[in-house]
Each structure stands twice: as C-alpha cells, then as structure tokens.
Amino acid sequence: MPLVTIERHILETQRRYPGATGIFSAMLYDMALAAKLIARETTRAGLAGILGAAEDHNVYGEQQQKLDVYANQTIFRMNDHTGRLCVMASEEHEDIIPIPPRFDTGKYVLLFDPLDGSSNIDVNVSVGTIFSIHRKVSKGEHGTLEDVLQPGRRLAAAGYVIYGSSTMMVYSAGQGVHGFTLDPGVGEFLLSHDNIRVPATAMYYSANQGNEKYWTPGVRRYIKWLQGIEGEGRKPLGHRYIGSLVSDFHRNLLRGGVFVYPGDLQKPGEPYGKLRLMFEAQALAFLAEQAGGYASDGLGDILDIQPHNLHQRVPLFIGNRDLVEKAEEYIRKYDQEWVAAYQPFRNQQPALT
Ligand code: AHG
Ligand code: MN
Ligand code: MN
C-alpha cells in the first residue's frame, strides 16, 4: 500500500468529490501539528513534571490537569494565526474565543475538547482530543456565538486524536471516515484505516456500571438487554469501558458496539447527563453516521439538536444503529418521567443576542 499522508488523501478525495476544498487539508494539518506536540507531552507527562492538577479549574468546576491546559493552548496557537478561522470554542473556555485582531479571519469555526479522558492522564490510560469544524454563517468579519451554536447536521468536518499505544488521527469531511497513524520516525500521519465502517455485528457495550443505581428504568432494562438477560435472550455483548470517550468510541467504531452515557434523575433539574454536545457528542455523532452508525440523546439524532448553550450537556447513545435505536425504544416505553424532565432542555432555543 503506498504511503498516503493526510494531504495526499485529501487531494485524492478532492479529485473524486470536487466539493471538498483544499482548505480542509490545511486545517487538518494544523490539527495534526497540534496533535504531534500534545502526543509528545503526553508521552513525557510523567517526566516533564506536568502531571498532577493545575491550580485552576474549568467551567464545570473540574480540576484542570496541566496536560489539559497545555493541549488547549497548543490547539489555540496552531490555529489562531492561519486566517482560516473566524472564531474558536473550547471545552476549557467559558465563552467563544475570538481570533486575535492582529490576525486575518476566515470562514470556518473550530470547536474542540483539547484533552478528553483527563482523569486518565495520571494512570497512563489513553486520552484524546476531539474537534469539529463548522462553516461561518454570520455576516460580520469576526465569528459570533451564532457561528458556533449550529446543529451537527451542518458540520463541515470532525475528527479526533487518540494518544495511546500509537497516536492516531481519525477524521471525516463528509466523504467517509479515515484513520491515520503517526509514524514518529517520519513525523507524519500515514493512512492506516481507509473508509472505516462500523461492523454489522457488535462486540461490545460501554457504560459506567457504577452509575446503575441512578439509571432510569428504561436504561436499566436496555443494559440488561445488551447483556442478553432482558428480552429475546440475545448473545451477551462484552463490556468494555475505558473512561476516555474517544478511546471507547474508537474501539466500538472498529469492532462494533454501543457507548452509553445516559441522563438520569439523580440531580433534580439536571436530567441531561455529563457529555458535552458541542465538544464531544456532535463530532462523534458526525463520524458515527459517516461510518454507518448512529448517535442519539435517547429521543432522537444528536445531529438534529439545535444547540442553545455552548456548554450544554446531552445523554449519549452512540455506535451500531440497531443498538442505539433499541435504546430509544426502551426509553420511549419505560422512561416517560425522565423524558418529561429532559424535553424542555432539548427544545430550548439559543439566546444569540
Ligand atoms: P473530559 O476529560 O474531556 O472531561 O471527558 C471525560 C468524559 C469522557 O471522556 C468519558 O467517557 C467520561 O467523561 C467518563 O465519565 P465517568 O468517569 O463519569 O464514567
Ligand atoms: Mn471530553
Ligand atoms: Mn476535556
């Protein structure tokens, strides 16, 4: 197989699909460079003394790991001066991040979760970066919240990086999902997984079983169905849960499976679960659909949700379409109380003033 770099892959895709512009290869290169720098720090984390929590906390009140801070700064620095973006948004920043006035602006929006699975940094378990690219829709030169709070259906591209046994970048610009593995000797990401498709037969389900006590009746029955205990006695799925969404998603993408992080009624007024729509769920839902899978918040397609808040959280069921649709079926049948509590959050409209 010839050595196919990200650039060559985009150029070849461009020839087949005239719509895919060369700007994607440039933006993917910006992300690839950031990924190489973060990969280097991740492998050195234990040595460079950047382990352990940074002094400040992020918007969710979670202690920021220093690698979170480094990854966030690196992605910003690799992208702020390129003239390709009109605005950025990061899981680690409360508000949208404007392009510094001294740099040109462009017609794309970059959203990112700079370090996903940060609780795993100190125990040497794989972590990742998640990113998505929207097109500018507002009139002015600089991007606004309106450019960021777009539904996933309008995404131009999305992807993730995994810092694991090898460093991989997986992306889609709407023409299939493609995986590149970093050859550290060459310093290039080389095509290793062309046109990834979710296998028709799933092997795993991923859920934090420690939360079972709080799950709603429908979700609890659904998990029992996945285990072959409830319903028509299907062959049980293996249980794999790493605690880094990118790693759990990646394994299920390659081997077939479903990842479940549901909402619950444990905290009144917070029925929407933990994962972030704009920085995690939208990007992975785009990739799942491109690979023949599906992502839902339990009521419907993640890609059809009109975001209303930069940091809004959604329940996430993502992977093989038949397994995700089964979750929706159980929730419709047994979780009316939860649906009634969650629906108002899902239907909220953005205040873009
Ligand atoms: P982040 O490190 O960006 O905050 O993301 C962590 C997320 C996600 O990666 C993972 O699937 C989930 O948190 C794990 O949550 P629990 O520890 O509650 O299972
Ligand atoms: Mn995350
Ligand atoms: Mn994160």
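Modeller: Buried means under 20% relative accessible area, exposed means over 50%, and partly exposed lies in between, with a 1.4 Å probe and protein chains only. This is a predicted model, in which local features need pLDDT of at least 70 and side-chain atom pairs count only at pLDDT 80 or more, while totals for chains, interfaces and linings use all residues. Residues are numbered from 1 along each chain as its sequence is written, chains are lettered from A and ligands numbered from 1 in the order in which they are written, and side-chain values use heavy atoms, with hydrogens and water left out.

Biologist: Why is Tyr-160 called buried?

Modeller: Tyr-160 has a relative accessible area of 0%, and the limit is under 20%, so Tyr-160 is buried. Phe-249, at 4%, counts as buried too.

Biologist: What makes the pair of Tyr-160 and Phe-249 edge-to-face?

Modeller: Rings of Phe, Tyr and Trp (its six-membered ring) pair if their centres lie within 6.5 Å; planes under 30 degrees apart count as stacked, over 60 as edge-to-face and the rest as tilted. The centres of Tyr-160 and Phe-249 are 5.8 Å apart and their planes stand at 90°, so the pair is edge-to-face. Tyr-160 belongs to strand β7 (residues 157-163) and Phe-249 to helix α6 (residues 245-255), so the pair ties together parts 89 residues apart in sequence. Helices (H or I, at least four residues) and strands (E, at least two) are DSSP runs, numbered from the N terminus.

Biologist: How do you know that Tyr-272 and Phe-345 form an edge-to-face pair?

Modeller: For Tyr-272 and Phe-345 the values are 5.1 Å centre to centre and 80° between the planes, which is edge-to-face. Tyr-272 counts as buried at 18%, whereas Phe-345, at 24%, is partly exposed.

Biologist: What makes Asp-113, Asp-116 and Glu-280 the residues that coordinate the manganese ion (ligand 2)?

Modeller: Donors are N, O and S atoms within 2.8 Å of the metal (3.2 Å for Na, K and Ca); water is not among the atoms, so sites may look incomplete. Asp-113 (OD), Asp-116 (OD) and Glu-280 (OE) coordinate this manganese ion at 1.9 to 2.1 Å. Asp-113 also bridges the manganese ion (ligand 2) and the manganese ion (ligand 3), which lie 3.7 Å apart. Asp-113 is buried at 0%, and Glu-280 counts as buried at 2%.

Biologist: Why is β5 described as largely enclosed by the rest of the structure?

Modeller: Nine of the nine residues of β5 are buried, so β5 is largely enclosed. Two strands pair if DSSP finds at least two bridges between them. Five bridges join strand β3 (residues 85-90) to β5, and these two run parallel. Seven bridges join β5 to strand β6 (residues 127-135), running antiparallel.

Biologist: How do you know that Ser-244 has a polar contact with Ser-126?

Modeller: A polar contact is a pair of N or O atoms within 3.5 Å; within protein, one must be able to donate a hydrogen and the other to accept it, and residues adjacent in sequence count only if both atoms are side-chain atoms. A polar atom of the Ser-244 side chain lies 2.7 Å from the backbone oxygen of Ser-126. Ser-244 itself is buried, with a relative accessible area of 0%.
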